[in-house]
Amino acid sequence: MRTWRLSILVFLSFHFALIVAEEIEHRQKNTYIVHMDKSNMPKTFNDHFQWYDSSLKMASSSADILYTYNNIVHGFSTRLTTEEAELLRGQLGILSVLPEARYELHTTRTPQFLGLGQNDAFFPQADLASEVIVGVLDTGVWPELKSFDDTGLGPVPSNWRGECETSKTFPLSSCNRKLIGARFFSRGYEATVGPVNEKFESRSPRDDDGHGSHTSTTAAGSPVEGASLFGFAEGTARGMATHARVAAYKVCWLGGCFSSDILAAMDKAVEDGINVLSMSIGGGSTDYTGDSIAIGAFRAMEQGVLVSCSAGNGGPASGSLSNVAPWITTVGAGTLDRDFPAFVMLGDGKKFSGASLYSGKPLSDSLIPLVYAGNATTLPNGNLCIPGSLIPSKVAGKIVVCDRGSNPRVQKGLVVKDAGGAGMVLANTDYFGEEQVADAHLLPTAAVGKKAGDSIKSYISSDPSPMATISPGGTQVGIQPSPVVASFSSRGPNLFTPEILKPDIIAPGVNILAGWTEAVGPTGLKVDTRKVSFNIVSGTSMSCPHVSGLAALLKAAHPDWSPAVIKSALMTTAYNTYRGGKTIQDVATGSPATPFDYGAGHVNPIAALDPGLVYDTTVDDYLGFFCALDYRQDQIKRFTNKDFACDTNKKYSAGDLNYPSFAVPLQTASGKGGGSDELTVVKYTRTLTNVGTPATYRVSVSSQISSVKISVEPESLTFSQPNEKKSYTVTFKASSMPSGMTGFAHLEWSDGKHVVGSPVAFSWT
């Protein structure tokens with residue numbers, strides 16, 4: 001009886017706890033972004049702000065508006081309980097009530113590698129280029145950098161409507177004719193996390209992280225002679241568009257980047273008059289109707305602003321992309337032809353090459369003991385050199401081999417140093433392959449690929465007294481093959497819209513030298529008190545601003561080009577093979593990469609200036625795309641702010657979006673009658689616009705997969721005048737293949753001078 005009563009008591013207590021937890025959850029307030037149907041404001045209100053406030057008060061008597069949005073979306077953000085959010089959703093004129101989303105950052109030789117230094121004559125004159133404004137949403141800027149020097153620049157463009165927000169850490173003198181505007185957005189962050197702690201970060205546009213200074217100077221930094229990081233990569237550091245103006249929008253803080261702040265910054269940037277919006281920020285892919293950034297990017301595109309975003313650092317995992325909306329230019333990362341070698345010499349005489357930016361006192365040439373972290377720990381994951389994992393008595397005075405993964409690379413070196421280690425070999429695992437990323441380590445270090453790491457660990461296990469030393473190798477250029485796709489660069493396929501190939505393009509994103517903040521050292525670790533003006537960093541965060549800057553150059557050269565035309569020019573002129581004809585490699589596997597890795601290929605800015613033909617994707621094209629996704633009228637209105645109903649008698653196809661690349665998802669046949677003899681026929685239609693001289697273009701198709709037959713109708717297109725449009729249809733006849741199979745082809749139009757190329761990707765599910 002007592003046991004029975006005790007069981008009942010435990011059950012009731014647990015049930016009560018669940019009820020209390022659920023009640024707390026309902027009472028707890030979270031941030032929501034509210035999209036309003038501005039065109040249907042009741043006539044009883046004098047302006048939209050009165051309507052917004054009244055609508056909010058009907059759902060919550062205590063809620064305040066954080067931001068109002070007027071340009072890329074119409075509406076506001078606020079803090080609500082779950083019940084209040086539901087009440088608001090039920091009101092007339094509400095298009096959507098979206099919960100706040102948290103996003104993360106995707107964290108000298110580049111102009112020469114891209115052909116800018118020796119081909120500047122091809123690009124627009126300085127006065128035209130200086131009319132273009134690049135807006136950067138990031139962690140802010142360090143305005144004292146020489147990369148923001150405005151010498152030689154004329155007056156601020158007349159279309160600029162922004163401002164320089166000042167504070168005790170960001171005086172008005174921080175802005176000039178180069179850095180023409182700077183703002184910060186923290187209301188969403190502070191509503192969720194609490195007030196910005198000004199002991200650790202500036203409540204101003206000032207950059208306390210370094211990421212924003214790096215991306216903005218990569219996109220449009222002024223030339224700085226003698227730039228380097230501790231002597232590495234020494235030379236003239238310059239952005240892609242050296243004469244373009246920069247407007248900085250700080251949206252990322254120590255606790256992350258919040259969608260209400262990002263959307264407010266996008267809204268203000270478009271109002272300010274920017275031409276290109278660069279965002280090295282991302283999160284998980286989601287339905288476009290629930291993605292505030294995708295919605296904001298669409299409205300920015302509609303108003304003539306090209307939006308460039310990083311693809312993410314989730315590679316080499318398949319389907320790891322961020323920012324996959326087709327109206328966003330999604331940028332993956334490749335390498336340069338520059339390395340920062342460091343060498344590991346073993347006691348058995350073998351020598352291995354790695355990478356490092358360590359600049360302190362080197363180890364002597366004499367060999368010292370070598371130990372594997374997995375043998376110097378009591379933790380199951382001690383091989384990763386996580387904080388507190390190493391036994392000091394087993395690593396003191398030794399070089400420690402740590403496996404890459406889990407925690408930051410530079411932190412592993414600090415763990416080794418704190419435990420008394422003399423140096424570190426950072427060994428790649430299967431996940432990272434042969435990729436070598438250089439870091440400004442705090443102790444002698446060499447980061448090596450998987451093969452070298454395995455050999456070094458094999459030596460340790462076979463020798464009773466393993467010995468080694470590490471020596472620096474400085475800066476080396478002319479490294480081949482280059483580029484290769486970075487292992488960390490996020491990969492396709494596009495899991496949300498398989499008919500749209502992503503990423504769109506790759507650009508330099510490994511070991512990139514650009515401006516940095518003086519608020520933190522080059523590693524970003526608290527113990528790193530070194531001050532630098534330039535840092536070498538890797539990530540798709542670095543490749544994104546390369547494309548943003550190049551887009552600014554194209555905009556200056558062709559002011560009438562739409563964002564879609566600029567994107568098309570960059571994609572259709574990209575290259576995916578080396579000069580000898582071999583396909584660009586994937587450093588993660590050592591094998592040829594595919595369009596799921598590099599999209600259309602590696603950016604080629606000189607060719608992009610004169611693409612011949614382009615795919616100009618219009619708003620009407622996107623209406624058909626939305627219909628293919630079965631979006632309702634109210635969902636479409638979130639993007640377009642227009643009433644549009646899909647024609648129920650018309651068959652829409654997402655594959656017919658006028659996109660510069662092709663992705664063809666196919667179903668694996670199953671059951672009776674299935675198998676390779678059963679054909680699937682898919683047709684995609686595209687429209688090309690002539691932006692060159694009159695010419696006749698002929699099509700050619702090369703394919704790596706025999707199970708798909710590809711035909712194009714017509715096989716030639718003749719253009720007699722500028723901006724003339726001609727359409728063609730591609731027919732794919734595919735045999736059934738096992739689920740998970742992929743295949744690739746390449747379609748190109750050429751008039752003998754221009755080559756307008758498009759990758760084609762097939763996938764069976």
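Predicted model: local features only at pLDDT ≥ 70, side-chain atom pairs only at ≥ 80, totals over all residues.
1. Residues are numbered from 1 along each chain as its sequence is written, and side-chain values use heavy atoms, leaving out hydrogens and water.

2. Now for the rings. The whole structure holds 33 aromatic pairs (rings of Phe, Tyr and Trp, the last by its six-membered ring, pair if their centres lie within 6.5 Å; planes under 30 degrees apart count as stacked, over 60 as edge-to-face and the rest as tilted). Trp 327 and Tyr 622 make an edge-to-face pair, with 5.5 Å between centres and 85° between planes. Both Trp 327 and Tyr 622 are buried.

3. Tyr 684 has a ring partner too: Phe 662 stacks with Tyr 684 at 6.4 Å centre to centre and 10° between the planes. Phe 662 lies in strand β32 (residues 662–666) and Tyr 684 in strand β33, so the pair ties together parts 22 residues apart in sequence (strands are DSSP runs of E, at least two residues, and helices of H or I, at least four, numbered from the N terminus).

4. Finally, look at the charge near a ring: the charged end of Arg 206 sits over the ring of Trp 142, 4.5 Å from its centre (NZ of Lys or CZ of Arg must be within 6 Å of the ring centre and within 35 degrees of the ring normal).

Definitions and conventions
Buried < 20%, exposed > 50% of the residue type's maximum accessible area, 1.4 Å probe, protein only.
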